[in-house]
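The sequence and the structure are shown first.

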Amino acid sequence: MSNNLILYNGPTSPFGRKVKIVSLVHEINLEEKIINVYGADFLDKDNPLRKIPTLLVDNLPIIDSDNICLYFDSITKKNTLFPKEKYWQIMSYTSVANGLMESILERFMEISRPDGEKSLNFINKLETRAFRSINWLENNLKNFNDNIFTMDKIAIACALEYTVFRFTDKWQENNKNLSIWLENFQKNDFMKSTIPDLTLTPKPKLS
Ligand SMILES: N[C@@H](CCC(=O)N[C@@H](CS)C(=O)NCC(=O)O)C(=O)O
């Protein structure tokens, strides 16, 4: 008998998009509940971090997008997105993509603060880290620009698109190869069907 899967997700989360894409690619049957995480007290008993995505497998919570992707990969009959020969590289590139998402998300939270509470130093640090990560991806493109379909590619594409949605597309001028790579990757149906609806952005809870 198969498990009952409930995925708590948000309308614009890049971490949630990554998980959603893996569920589509792996044809995982689940019930997705789009919630406003900033008011989701009910989530605390399963995930004390109160973050999305959170997956419930029957009563077992799986916390953090990477763990959820690995779980889906472990139950699918499709090809793995984490082939053994490239495992550590895939995990590390996925972590860079996650860090880029985090920088852009934190920057958005910081600029949403009222004047007087924002830290320009912190915003600068996050922007510098984001551009440094994108340049690094451009410089290391040959390591993930191959014909094997792996997890890092999904994470990198979600992170770059999120950067464009929430911050800037300026990086595309200086990172032409990465930009072309993204343009091609965006043609996948799973990218088109998961474009976030930014009009549904929940108002972040800043304290
Ligand atoms: N490391 C986590 C990060 C998830 C995350 O930061 N989710 C954000 C939405 S994009 C969230 O739930 N934020 C709620 C909050 O910080 O209060 C993962 O990979 O799942």
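In this predicted model, residues 24 or more positions apart make up 74% of the protein chain's contacts with a separation of 6 or more. The secondary structure consists of 8 helices and 4 strands, and their order along the sequence is β-α-β-β-β-α-α-α-α-α-α-α. The radius of gyration of the protein chain, 17 Å, is close to the 17 Å that the globule rule gives for 207 residues, so the chain is as compact as a globular protein of that length. The C-alpha trace spans about 55 × 45 × 30 Å along its principal axes. Of the 207 residues, 32% count as buried.

**Domains**

The domain assignment divides the protein chain into domain 1 (5-78) and domain 2 (84-192). A distance of 21 Å separates their C-alpha centres. Contact between the domains involves 10 residues of domain 1 and 9 residues of domain 2. On the side of domain 1 that touches domain 2, helix H1 (14-25) and H2 are the elements that give two or more residues. H1 gives the most to this side, with 8 residues. By type, the residues of this side of domain 1 comprise 7 nonpolar, no polar and 3 charged.

In soluble globular proteins, nonpolar side chains tend to be buried together. The largest nonpolar core of this model has 42 residues, of which Val-22, Ile-156 and Ala-159 touch the most other members. Elements that each supply at least two residues of this core include strand S1 (5-9), H1, strand S3 (54-57), helix H4 (120-139) and helix H7 (176-185). Helix H5 (151-166) also belongs to that group, and H5 gives the most to the core, with 9 residues. Because domain 1 (5-78) and domain 2 (84-192) both give residues to this core, it lies between them. Leaving aside neighbours within four places in sequence, Ile-156 is in contact with Tyr-93, Ala-97, Leu-137 and Phe-144.

**Ligand surroundings**

Which residues are closest to the ligand? Ser-13, Phe-15, Val-37, Lys-51 and Ser-65 are the closest of the 14 residues that surround the ligand. The shell divides into 6 nonpolar, 4 polar and 4 charged residues. Helix H2 (65-75) and helix H3 (87-111) each supply at least two residues of this shell.

**Loops and backbone geometry**

The loop between strand S2 (31-34) and S3 holds Asn-36. The C-alpha atom of Asn-36 is separated by 29 Å from that of Tyr-93, which is 57 residues away along the chain. Asn-36 counts as partly exposed, with 14 C-beta neighbours inside 10 Å. Pro-53 is also found in the loop between S2 and S3, and the peptide bond from Ile-52 to Pro-53 is cis, with omega near 5 degrees.

| Residue | Phi | Loop | Other C-beta atoms within 10 Å |
|---|---|---|---|
| Arg-50 | about 50 degrees | between S2 and S3 | 16 |

A residue counts as buried if 20 or more other C-beta atoms lie within 10 Å of its own.

Methods: Residues are numbered from 1 along each chain as its sequence is written. This is a predicted model: local features need pLDDT of at least 70, side-chain atom pairs count only at pLDDT 80 or more; totals for chains, interfaces and linings use all residues. A residue is near a molecule or strand if its C-beta atom, placed from the backbone, lies within 6 Å of it. Ala, Val, Leu, Ile, Met, Phe, Trp, Tyr, Cys and Pro count as nonpolar, Asp, Glu, Lys and Arg as charged, and the others, Gly among them, as polar. The radius of gyration is taken over C-alpha atoms; the globule rule is 2.2 Å times the number of residues to the power 0.38. A residue is buried if 20 or more other C-beta atoms lie within 10 Å of its own, exposed if 12 or fewer, and partly exposed in between; C-beta atoms are placed from the backbone. Two residues are in contact if their C-beta atoms, placed from the backbone, lie within 7 Å. Domain bounds come from an automatic or database domain assignment. A nonpolar core is a set of buried Ala, Val, Leu, Ile, Met, Phe, Trp, Tyr and Cys residues joined through C-beta atoms within 7 Å.
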